[in-house]
Each structure stands twice: as structure tokens, then as C-alpha cells.
Amino acid sequence: MAAIGIGILGSGKGSNCRAILERIRDGTLCAEARVVISDVFNAGILRHAQEFGVPNAYLTPGKFRTKLEPEAEIALVQTLRDAAVELVVLAGFMRVLKAPTLDAFSHRIINIHPSLLPKFPGLEAWKQALAAGETVSGCTVHYVDAGVDSGEIISQREVPILPNDTPETLHARIQIAERELYPKTIAQFCE
Ligand code: GAR
């Protein structure tokens, strides 16, 4: 089986990225992490990449809060291409990608989201699920399109919501499921 070249994008602590890098290292995920990119200068995700010896880069996002400045997005595409990335893996990347990236990696960008989509797209989905009185939540891996968490669903994992859950305990339980689901889903892309 040929290893698929992945590029991981994230804005935060990088626990999903770390789970992916661990599964690659222990041989259960046939992929090669070719680059890790963050729009946050001191994000934990970059430290995980450094620890695992994966090339990594900070991408200056520009003046917008929820998307990249056009020049930044063109630089992102170039960095991914230079690294020979075949599959773009969003792992807590908190900006919406636009045409330059969506066109360059058509049907080759995936994201993990902390809810059972199509329920609760957007920010802090676990809080939305609690506020709605749900008894089950979970996580979803989906293709990325021009919308917010709206692309075709690839895989899902359910997680119970317990009576005493706080936003923190629920998010932690969902993240345990994410760290199992994401590497397994990426494995489906290996030829
Ligand atoms: C994850 O829970 C992921 O589902 C969420 O950000 C977190 C990143 O955690 N993503 C979204 O909400 C995207 N809409 P991590 O940095 O520890 O992997």
C-alpha cells in the first residue's frame, strides 16, 4: 500500500495532529506527514510537528479573522504543493478556506468537526449540543467545501452526553473519539 502524502493545518493545541502522527509512527496509518501549517504563531500543533520531525510552518494570516488574506491563501497553496501534499487534513484550523485552496485540492481537503453534522456546524459545537438538550453528540469527518462544516460526510462517531456533563467534560469525551476516528478515516484514502 502506497503512503499518502498529507499536509495538516491547525490553529490550536494539535491533539488530533498528534494522534495522526502517532498512528503514522506506529505503522497503523499508511501516510506520510509532509508538512504541518498553522495560522497561529505559537500554536501547540507546531510543537508536535517539531517533536515528530515533520516540516512545519507558520502562515501569516493577514488582517481577516475568519479567513486568510488572498496573498496568504496563495502562499498556503504553494507551500502545500512544494511539499507534494496529496490530501489536506484540517485539524482544528479555525479559518474558512476559499477558492485558491478549494480549487487546487478539489475533493482532497477533509476536516474533523466536534458534532454529528449536519447538527451544530460552526464554533463550539459541543456547547450547542448541550444547550439543545441532546443526549448524544459525537464527531464527523467531512470533505471541505465553500460552506461552514457543510461538505459531504465521510465518517462519524457517536459519543454519549451524560447528565452531569459540562462543556469541558463533553468536549474532552468528543476529542477522545476524534483521535480514534480521524486516523482511521485518513487510512481510507491510502491507495
Ligand atoms: C477539535 O475538537 C476539532 O473538532 C475542532 O477543533 C478542535 C481542535 O483540537 N474543530 C472545529 O471546531 C472546526 N469547526 P486539537 O487542536 O486538539 O486537534
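The largest pocket of this predicted model has a volume of about 850 Å³, a volume being the space filled by probe spheres set on grid points joined across faces, edges and corners. Of the 36 residues that line this pocket, Gly92, Phe93, Met94, Asn111 and Leu123 are the closest to its centre. A pocket is an open set of points on a 1 Å grid over the protein atoms alone, where a 1.4 Å probe fits, with protein on both sides within 12 Å along at least five of seven lines; lining residues have an atom within 4 Å of a point.

Local features require pLDDT of at least 70 and side-chain atom pairs pLDDT 80 or more, while totals for chains, interfaces and linings use all residues. Residues are numbered from 1 along each chain, and side-chain values use heavy atoms, without hydrogens and water.

The ligand sits in the largest pocket, in that more than half of its atoms lie within 2 Å of the pocket's grid points. Around the ligand are 14 residues, the closest being Gly14, Ser15, Asn16, Gln175 and Glu178; the criterion is a heavy atom within 4 Å.

Polar contacts are pairs of N or O atoms within 3.5 Å. The side chains of asparagine 16 and glutamine 175 each place an N or O atom 2.9 Å from an oxygen atom of the ligand. For histidine 113, a polar side-chain atom lies 3.1 Å from a ligand nitrogen atom. The protein covers 92% of the 450 Å² of accessible area that the ligand has on its own (Shrake-Rupley method, 1.4 Å probe).

Technical notes. Polar contact = N/O pair within 3.5 Å; in protein donor to acceptor, adjacent residues only side chain to side chain.
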